[in-house]
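This briefing covers the overall build of a protein, the surroundings of its ligand and one group of paired strands. Please consult the sequence and the structure shown here while reading.

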Amino acid sequence: MSVTDEPQTVDPVLDAADGDVIRIERVVKWFGDVCALNDVSLQIRDGEFFALLGPSGCGKTTLLRCIGGFEEVTSGRIELDGADLVGSRPYERPVNMMFQSYALFPHLRVWDNVAYGLKAERLSKDEIRSRVDEVLAKVDLVAQADRRPHQLSGGQRQRVALSRAIVKRPRVLLLDEPLAALDRKLRGEMQIELKRLQNEVGMTFIIVTHDQEEAMTMADRIAVLDHGRVLQVATPRELYHHPVDHFVAAFIGKMNFIPGDVAGDAIATTGLGSLPVRQPTVPVSGPGYLAVRPETARMLGDDETPATGEATATGTVEGSVFVGSQTHVHVVLDGAGDPFVLTRPRIDDAPPAGARARVAWRVDEALVFPRPQSEVAVAGDGA
Ligand code: ATP
């Protein structure tokens, strides 16, 4: 399979594919009566930066721990380079796990923290010295080699933990929320740093995160999980432009949803009448959502007529939020629930709260999804 921007569905039956380092086949994991992984199948390619993304409790850490050998699967297979890993101990697997807590030895210098795993493998002194020095140079910690962990910043400690994991040259590095302990600014910097480093060492990284922006910044491909199931595996771009369902569309980036009843090429809404929709490959009919990305919508001027191919809706401006590079304008559409958000590049032309507004979007850029059963029940029969 190649990385493209085409929509990709998850097939539980694996295709034989060259270049896969990890192949997860129909993995199920029960903790008592909790099903943490429900028939998960995935292939991860050699040298790939792969993210497991989803809300709290979706099963992403459990999957990472099953790959690392810290949990046994209830059923299914996990293969690494074609060999079945199920049943082997963590230390027998050519994978290394970097934990959230970093787990550094407080009494050891940075250099010795990084060398620790190699000494345990009884490598020669020369080999250890050259590998540790090489890794510390890569993560820019040569000047800190003699310090103890408490003499380092959070970002530096994170780099020591990373060095310790990659110095052993595992086939696959597993990272469980590796940036969770860092503040927002440092986190952003480390995301770029981690990506650069992964490129440089050419190792396969599998990262767990609940932060979609983080996954999109770093990963070549992302698996979105919910309730133990893989909903979609795709590149960040593919996920953003072709989410397979309402959950993925809501989880990745910002999305406006207008509820209604879909029939043919229109959605009947309560307050906005009938709006045109572009039907997806799998046709939607019945309770659904029209989904519009904020940046694909615009506000129409007072006497402006919409362009060909645009749909429009009216509402009342609730307010504007200035975020620096853009202003987010919130418009409560007539009869629709949550405010519709659209982004404008400047603050000075944002309309005041209470003003009537017309928004427009291109019909062929908007998506349509079936409404989940749970939400249909809550919403009743109306939109
Ligand atoms: P978070 O982002 O909050 O860490 P997660 O997506 O990583 O969430 P998991 O930790 O994989 O989720 O947990 C998946 C489900 O399995 C949850 O319902 C969790 O409560 C349950 N679970 C995980 N580990 C255990 C365990 N050792 N015993 C019982 N239940 C567990």
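A residue counts as buried when its relative accessible area is under 20%, with a 1.4 Å probe and protein chains only as cover. By that criterion, 48% of the 383 residues in the protein are buried. The model is a predicted one.

**Overall build**

- Nine helices and 20 strands are present in the protein.
- The C-alpha trace extends over about 80 × 50 × 35 Å along its principal axes.
- Of the contacts in the protein with a separation of 6 or more, 65% are between residues 24 or more positions apart.
- The protein has an accessible surface of about 18,100 Å², and carbon and sulfur atoms contribute 51% of this area.

**Surroundings of the ligand**

- The shell around the ligand consists of Phe31, Val34, Ala36, Pro55, Ser56, Gly57, Cys58, Gly59, Lys60, Thr61 and Thr62.
- By residue class, this shell holds five nonpolar residues, five polar residues and one charged residue.
- Strand E2 (34-45) and helix H1 (60-68) each contribute at least two residues to the shell, and H1 provides the largest share, with three residues.

- In the side chain of Ser56, an N or O atom is 2.6 Å from an oxygen atom of the ligand.
- For Gly57, a backbone N or O atom is 2.7 Å from a ligand oxygen atom.
- A polar backbone atom of Cys58 is likewise placed 3.0 Å from an oxygen atom of the ligand.
- On its own, the ligand has 640 Å² of accessible area, and the protein covers 57% of it.

**Strand E17 and its partners**

- Strand E17 comprises residues 327-333 and is mostly covered, with five of its seven residues buried.
- Strand E16 (residues 310-322) runs antiparallel to E17, and seven bridges join the two.
- Within this pairing, Val317 has Val331 of E17 as its bridge partner.
- The hairpin of E16 and E17 has four residues between the strands, and Gly324 in this hairpin adopts a positive phi near 100°.
- E17 is also joined to strand E18 (residues 340-344), through five bridges and in an antiparallel arrangement.
- In this second pairing, the bridge partner of His328 is Thr343 in E18.
- As a general point, side chains in a regular strand alternate between the two faces of the sheet.

Key. Residues numbered from 1 in each chain as written. Predicted model: local features only at pLDDT ≥ 70, side-chain atom pairs only at ≥ 80, totals over all residues. Heavy atoms only, no water. Near = heavy atom within 4 Å. Polar contact = N/O pair within 3.5 Å; in protein donor to acceptor, adjacent residues only side chain to side chain. Areas by Shrake-Rupley, 256 points an atom, 1.4 Å probe, with all protein chains shown as cover. Nonpolar A, V, L, I, M, F, W, Y, C, P; charged D, E, K, R; others polar. Buried < 20%, exposed > 50% of the residue type's maximum accessible area, 1.4 Å probe, protein only. Contact = heavy atoms within 4.5 Å. Pairing = 2+ DSSP bridges.
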